[in-house]
Number of protein chains: 2
Amino acid sequence: MRRALHLAALGQGRTSPNPMVGAVVLDAGGTLVGEGFHARAGAPHAEVGALRQAGERARGGTLVVSLEPCCHHGRTPPCTEEVIDAGIVRVVVAMTDPDPRVAGAGLSRLRAAGLEVIEGVATDEAWWLNRAFVHRVRTGRPLGILKWAMSLDGRTALPNGKSQWISGPAAREWVHRLRARCDAVIVGGGTVRADDPLLTSRGRRDPEPLRVVLSRGLDLPEQARLWDPAAAPTLVAHGPEAPAAARERLDALGVERLELTACEPHQLLEALARRGFNRVLWECGPVLAAGALSQGCVQDVAAVIAPKLLGGVPARTPLGDLGLVDLANAPFGRTLRLEPCGSDWIGQLNLQPGG
Amino acid sequence: MRRALHLAALGQGRTSPNPMVGAVVLDAGGTLVGEGFHARAGAPHAEVGALRQAGERARGGTLVVSLEPCCHHGRTPPCTEEVIDAGIVRVVVAMTDPDPRVAGAGLSRLRAAGLEVIEGVATDEAWWLNRAFVHRVRTGRPLGILKWAMSLDGRTALPNGKSQWISGPAAREWVHRLRARCDAVIVGGGTVRADDPLLTSRGRRDPEPLRVVLSRGLDLPEQARLWDPAAAPTLVAHGPEAPAAARERLDALGVERLELTACEPHQLLEALARRGFNRVLWECGPVLAAGALSQGCVQDVAAVIAPKLLGGVPARTPLGDLGLVDLANAPFGRTLRLEPCGSDWIGQLNLQPGG
């Protein structure tokens, strides 16, 4: 199973809307004869790849797979039938598939066909690997990561607004790798106006994550690196109040637009979940960040902490008002990881013990 | 020498205005026959303790000492003469004493008396151990540590001012231990009014560090835990502008007062250096912290970072305005240490590569 989970992780950042899945096939004598992982949506499922590699040697053998095999026709035929047809006699799975179209029915189908099914092996690791997928299936929203870079005194800019660069090159590369694990990177209009960011993974993910701007008034510059489709696709989401002239200007630039029923973080995430996005990265300013947090759109926080002091009462800080009046109600996370990164530090929090 | 440095560190927090010093004596055959350390100002110097323990066995032996032996009459007679009289033939030292009354003259005296002197053994470790002492002797100010506790988003209070408790019990104990290594703990009047802090090491240092309030207007409460001399001594420093009535009120409370020529951090530190203080801890609010930093009164920063998010534009942050307009000029530190502490993290920076 450890090998199956390792294989599954090879698909990281490219399988949405699907989960990451890895599988190995052992022959009747226990020798490893096939390996597979789900490389991207539309590509063969992990089980199928492993079974094809095993060929006839799978007959009488064991399939070890990190997620319950599917039993429905999606972009690919049901894996359960392929497993049965291959002559597998025992299936070991780490966790059931939370997708309501599967949800235990895959394992039932295998048992009904006379196969031995062993559940619950390395469930925690498998669940953690696919917690973004599980989160989307359960909540109808992608898992949200809120990232910022700040000085040790909690500033994300100088009082005059300057913010490039607070963190060092190693931390900026770390952010590129973080983006590569996400399906979309979200900013507000203010960040576009102030920073003209590129927001790509610098080629670490193919395709690049979707760059998303959530902008109430569509007061966006004519020229911006986000409007260049050669770098990555961009989506501008707005509410019904966005002026017609601004909409037309964006359309003329050839930028994709999405009208939400309200210009709110949770509306945006629900729309992105409908596109099959499992994980999104918030790289926005303090007001939008506080809004996303307050609406339950943030599960993880990644703070890049630079060993600098910026000071300044009017200087920008990571988060706008959360409406807290009591420290006991402050969002509290368990430490995921705390590590040096070049001259900076990266602290990662998981705000939601359940995922 | 490693043993001598280890012995020296036993005096941590209690030797000011003196440095921490440790010494071992080896007999002519190389056997350890005496150990000593400087336990507190006025107590015997490390060399003397070690020599007394060795007694006649020191004759023909070696003294290993972390700092150059003194050659002047202070509260105790010159150590050089004790070393010579004990019959020591070889002295190994880690560093010379920066005190202008010594500054190499101790080693010269030993050499003139015919002893072999070996310098430069573990100099970096010895210097680091006594960098607060070296800093005071060189600059005329104690070494300053600025400490704060904040949420991961850089807040030291909620928008409504609540700040107890951002950090957890383990981090608060860590702060008590930090205080125990300092000669004084400094706050401003605002902290006294808002938090009524105790500011002691909870018995980890005997005597407790001096509690210092730097207050321009002496607008201080009649009742405060700082005014209780049973917990620890307190000094209130102010400028010439402090109203006479407020001075009299403090005097009536029996609190020690100190009038500075100006109510500024550097004036306070120079006064504390004259009292022989090597190391002070700033536990003040953002405005005084920014002032201390801007006036070169902060060499180390210790930030307790709680895995919480407080948010809020009007919420208090660690530092007031530093007058920065360019990120390249931001105070930058090399990482001293980064460690988990209970549920919190502690990040310590040294702002001054030279000490």
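Mentor: Chain A has eleven helices and 14 strands. Please keep in mind that this is a predicted model, in which local features need pLDDT of at least 70, side-chain atom pairs count only at pLDDT 80 or more, and totals for chains, interfaces and linings use all residues. Residues are numbered from 1 along each chain as its sequence is written, while chains are lettered from A and ligands numbered from 1 in the order in which they are written.

Trainee: What makes a stretch a helix or a strand?
Mentor: Both are DSSP runs, numbered from the N terminus: a helix is H or I with at least four residues, and a strand is E with at least two.

Trainee: How do you know whether the radius of gyration of chain A agrees with a compact globule?
Mentor: The radius is taken over C-alpha atoms, and the globule rule is 2.2 Å times the number of residues to the power 0.38. For 355 residues a compact globule would have a radius near 20 Å; chain A has 23 Å, which agrees. The C-alpha trace of chain A spans about 70 × 45 × 35 Å along its principal axes.

Trainee: What share of chain A counts as buried, and what makes a residue buried?
Mentor: Of its 355 residues, 52% count as buried. A residue is buried if 20 or more other C-beta atoms lie within 10 Å of its own, exposed if 12 or fewer, and partly exposed in between, with C-beta atoms placed from the backbone.

Trainee: Why is Asp196(A) called exposed?
Mentor: Asp196(A) has 12 C-beta neighbours inside 10 Å, and the limit for exposed is 12 or fewer, so Asp196(A) counts as exposed. Asp196(A) sits in the loop between α8 (189-195) and β8 (210-214) of chain A, and its phi is near 45 degrees, a positive value in a residue other than glycine.

Trainee: How do you know on which side of α10(A) its buried residues lie?
Mentor: In α10 (residues 265-274) of chain A, the buried residues are Pro265(A), Leu268(A), Leu269(A), Leu272(A) and Ala273(A). They cover an arc of only 140 degrees around the axis, which puts them on the same side of α10(A); the arc is that of the directions from the helix axis to the C-beta atoms. Just after α10(A), Gly276(A) takes a positive phi of about 85 degrees.

Trainee: What about α4(B)?
Mentor: In α4 (residues 105-112) of chain B, Gly106(B), Leu107(B), Arg109(B) and Leu110(B) are buried. Their arc is only 155 degrees, which puts them on the same side of α4(B). The face turned away from that side carries the exposed residues Arg111(B) and Ala112(B).

Trainee: How do you know how the two copies are related?
Mentor: Copies are superposed by least squares on the C-alpha atoms of residues with pLDDT of at least 70 in both. Chain B can be laid on chain A with an RMSD of 0.1 Å by a turn of 180 degrees and a shift of 0.0 Å along the axis. The two copies are thus related as by a two-fold rotation axis.

Trainee: What makes two residues count as in contact, and how many residues of chain B touch chain A?
Mentor: Two residues are in contact if their C-beta atoms, placed from the backbone, lie within 7 Å. By that rule, 44 residues of chain B are in contact with 44 residues of chain A. The largest share of chain B's side, four residues, comes from β13(B).

Trainee: Why say that the copies meet through the same surface?
Mentor: Because 100% of the interface residues of chain B are also interface residues in chain A.
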